[in-house]
Amino acid sequence: MKISLFYEFPLPRPWSEDDEHKLFQDGLDEVEAADKAGFSSVWLTEHHFLEEYCHSTAPEMFLAAASQRTENIRLGFGVMHLPPPINHPARIAERVATLDHLSNGRVEFGTGEGSSVAELGGFNIDPADKRTMWEEALEVSIRCMIEEPFSGFKGEHVEMPARNVIPKPLQKPHPPVWVACTRPSSVQMAAQKAIGALSFAYTGPGPLKERVDGYYKEFEEKGSPVTPAVNPNILAIGGDLSMMVAKTDEEALKRLGIGGGFFSFGIMHYYMTGMHTPGRTGVWELYEQAVKEDPTLAYGPGRGAIGSPETVREFLRGYEESGVDEIILLLNPRSHEGTMESIEIMGREILPEFIEREEKAQVEKAKRLEPVLEKVEARRKPSEAPEFDETYSFGGLPTGRGGKFTASEIPEAMAEINEGRVQAAKKAKEQAS
C-alpha cells in the first residue's frame with residue numbers, strides 16, 4: 001500500500017494579513033519534507049468559494065512550485081473540476097501537460113464533477129448536467145493531450161474546432177487518470193471506465209475491503225477503457241484519515257487540537273446542511289461550537305493516523321490488509337511544526353516497512369492483472385473521434401456579428417511596428433550619408 005498526503009488548505013478564521021501566504025509556504029516546506037521521507041504522492045484538491053474549509057483554488061500553481069522543491073513524490077490533482085464553465089478542456093490539457101514537464105513526469109490526473117451549491121451555483125452549472133459535462137470534458141482533455149492536432153468535438157456541453165494543443169505531456173500517452181468517487185456506484189463507474197478510483201472511505205478498513213474487491217471484480221468483468229492508458233487502482237481518503245504523529249498519543253492529540261474533524265464538518269456545512277453567507281459566516285466558529293456539544297467530532301487515535309508510531313503503524317496496517325492500493329492521509333487544521341515532525345517520524349519509523357511491502361505487491365499485482373488487462377483491452381470501443389480535415393485552416397482577423405472586425409488592436413499595433421521600422425531605416429540612412 002502506498003501512503004500519501006492530501007491537502008485542502010483549510011484556513012480557519014480569524015485571519016491576519018499574512019495567513020494565506022504562510023499557509024502556502026508552510027505547505028511547500030511540508031511537501032519537500034514528505035518527498036525526503038518517502039511518501040508516495042501529495043494530492044491537492046481544487047475548490048472554489050469554500051472559505052475557511054478550502055483555500056486550494058489553483059492546485060496546478062502550488063503543485064508547480066512543489067515540483068521545483070521535490071524529486072520523487074508524485075503530484076496529484078485530487079481533483080481538478082472538469083465541467084467546462086470551471087475549466088475548459090483545452091486549458092486542462094495545457095496545464096496538466098505543462099506541470100508534467102515541470103515535474104519530470106510526476107503528475108496524477110485526478111478528475112471530478114463538483115458537488116457543492118457554492119461551486120455549481122457560482123459557475124451557473126445545473127447539477128443535472130455535471131456528469132455529462134465531466135464525460136465530455138474528460139474525452140476532450142485527453143484527446144487534446146494526445147492528438148496532433150486535436151481534430152475537433154461537438155457535444156452537448158463542449159464544442160471546439162481543430163487545434164493543436166501544446167505542450168503534450170511528458171508521460172505517454174498521458175498521465176494516469178482518476179475520478180473522485182463518493183459513492184459505491186461511482187467506484188463501479190471508475191472500474192467500468194478502467195480509470196483509478198479516488199474513493200472517499202468513511203467506514204474504516206473492514207467495509208473498504210468490500211469496495212476494493214468490488215472495484216477489481218467490476219474492472220475484470222465490465223471494464224472498457226475510455227482513455228488510451230488504463231489505470232486499475234483504488235485509493236482511500238476520508239474524514240477518518242487525518243495525520244498527526246508524535247512520540248506519544250497524548251502529544252499527537254495536543255498538536256492536532258480539535259482540527260481533526262474539520263474536514264467532515266466542512267463537507268456537512270457546504271454540501272448538505274449548512275447555510276452560508278459569503279464573507280460573513282464563520283465556519284470554524286460553528287465547528288468549535290459543534291465540538292463543544294459533541295467532543296467526538298474532533299477525532300483522535302483510532303480515527304486517523306493519529307498518535308505514537310506504534311499506534312499509527314497498527315492503524316495503517318489495518319488499511320493495508322483491506323487491499324487498497326493507496327491511502328491518503330489528510331492534513332486538517334493543525335500545528336505546522338507538529339506536522340513537520342510527523343512527516344519526519346513517518347519517514348524514519350513507519351514508511352520503510354510499507355514501502356518494502358509495496359514494491360513486492362506491485363510485482364505480484366502486475367502478474368495477477370496481466371490476463372485481466374487482456375480482457376479489458378478486448379472490450380475497448382473504437383474511437384469515435386473525427387478524422388482531421390487536412391483542408392482545414394484558420395487565420396486572418398477575428399470577426400464578429402455581421403462580419404465586422406472585433407479585434408482591431410493587432411492591425412493598429414502592426415501599423416506602429418511598421419512605422420517604427422520605416423523611421424529606423426530612414427534614420428540609419430541619414431546617419432550613413
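# Helix packing, cores and loops

Student: The crossing of α3 and α5, is that left-handed or right-handed?
Tutor: Right-handed, where α3 crosses α5. Keep in mind that this is a predicted model.

Student: What is the angle between α3 and α5, and how far apart are their axes?
Tutor: Helix α3 covers residues 89-102 and helix α5 covers residues 130-146. They pack at an angle of about 50°, and their axes are 8 Å apart. That angle makes α3 oblique to α5.

Student: Which residues meet there, between α3 and α5?
Tutor: On the α3 side, P89, A90, I92, A93 and V96. On the α5 side, they meet A137, V140, S141, C144 and M145. By class, the contact of α3 with α5 has nine nonpolar residues, one polar and no charged.

Student: Staying with α5, is R143 buried or exposed?
Tutor: R143 lies in helix α5. R143 counts as buried because its relative accessibility is 7%.

Student: What is R143 in contact with?
Tutor: Leaving aside neighbours within four places in sequence, R143 is in contact with F150, S151, G152, F153, A385 and P386.

Student: Another pair: at what angle do α1 and α2 pack?
Tutor: Helix α1 (residues 19-37) and helix α2 (residues 59-67) pack at about 45°, with axes 10 Å apart. α1 and α2 are therefore oblique to each other. α1 passes α2 in a right-handed crossing.

Student: And which residues of α1 and α2 meet?
Tutor: F24, G27, L28 and V31 in α1 meet F62, A65 and A66 in α2. The classes for the contact of α1 with α2 are six nonpolar, one polar and no charged.

Student: Changing topic. How many residues are in the largest nonpolar core?
Tutor: The largest nonpolar core has 82 residues. Within this core, I3, F39, F109, M243, L316 and M346 touch the most other members. Helix α12 (residues 336-378) gives the most to this core, with nine residues.

Student: What does I3 touch?
Tutor: Not counting residues up to four places away in sequence, I3 touches F39, S40, S41, L316, I327, L329, M346, L351 and F354. There is also a second, separate core of 24 residues, which includes V79, W178, F200 and A298.

Student: Why would nonpolar side chains sit together?
Tutor: In soluble globular proteins, nonpolar side chains tend to be buried together.

Student: On to the backbone. Is the peptide bond from I166 to P167 cis or trans?
Tutor: The bond from I166 to P167 is cis, and its omega is near -5°. P167 is in the loop between β7 (159-160) and β8 (177-181). The bond from K172 to P173 is cis as well, with omega near 0°. P173 is also placed in the loop between β7 and β8.

Student: What about phi of N124, positive or negative?
Tutor: Positive: phi of N124 is near 55°, in a residue other than glycine. N124 is found in the loop between α4 (117-122) and α5.

Student: Is N124 buried or exposed?
Tutor: N124 is exposed, because its relative accessible area is 72%, and the cut-off for exposed is over 50%.

Student: And A194, what is its phi?
Tutor: Phi of A194 is near 60°, a positive value in a residue other than glycine. A194 lies in the loop between α6 (184-192) and β9 (196-200).

Student: Buried or exposed, A194?
Tutor: A194 is buried, since its relative accessible area is 0%, and buried means under 20%.

Technical notes. Residues numbered from 1 in each chain as written. Predicted model: local features only at pLDDT ≥ 70, side-chain atom pairs only at ≥ 80, totals over all residues. Heavy atoms only, no water. Axes fitted to C-alpha atoms, helices over the stretch in contact; angles between N-to-C directions. Helix = DSSP H or I, 4+ residues; strand = E, 2+ residues; numbered from the N terminus. Parallel < 35°, antiparallel > 145°, perpendicular 65-115°, else oblique. Left-handed = near helix turned anticlockwise from the far one by under 90°. Contact = heavy atoms within 4.5 Å. Nonpolar A, V, L, I, M, F, W, Y, C, P; charged D, E, K, R; others polar. Core = buried A, V, L, I, M, F, W, Y, C linked by side-chain atoms within 4.5 Å. Buried < 20%, exposed > 50% of the residue type's maximum accessible area, 1.4 Å probe, protein only.
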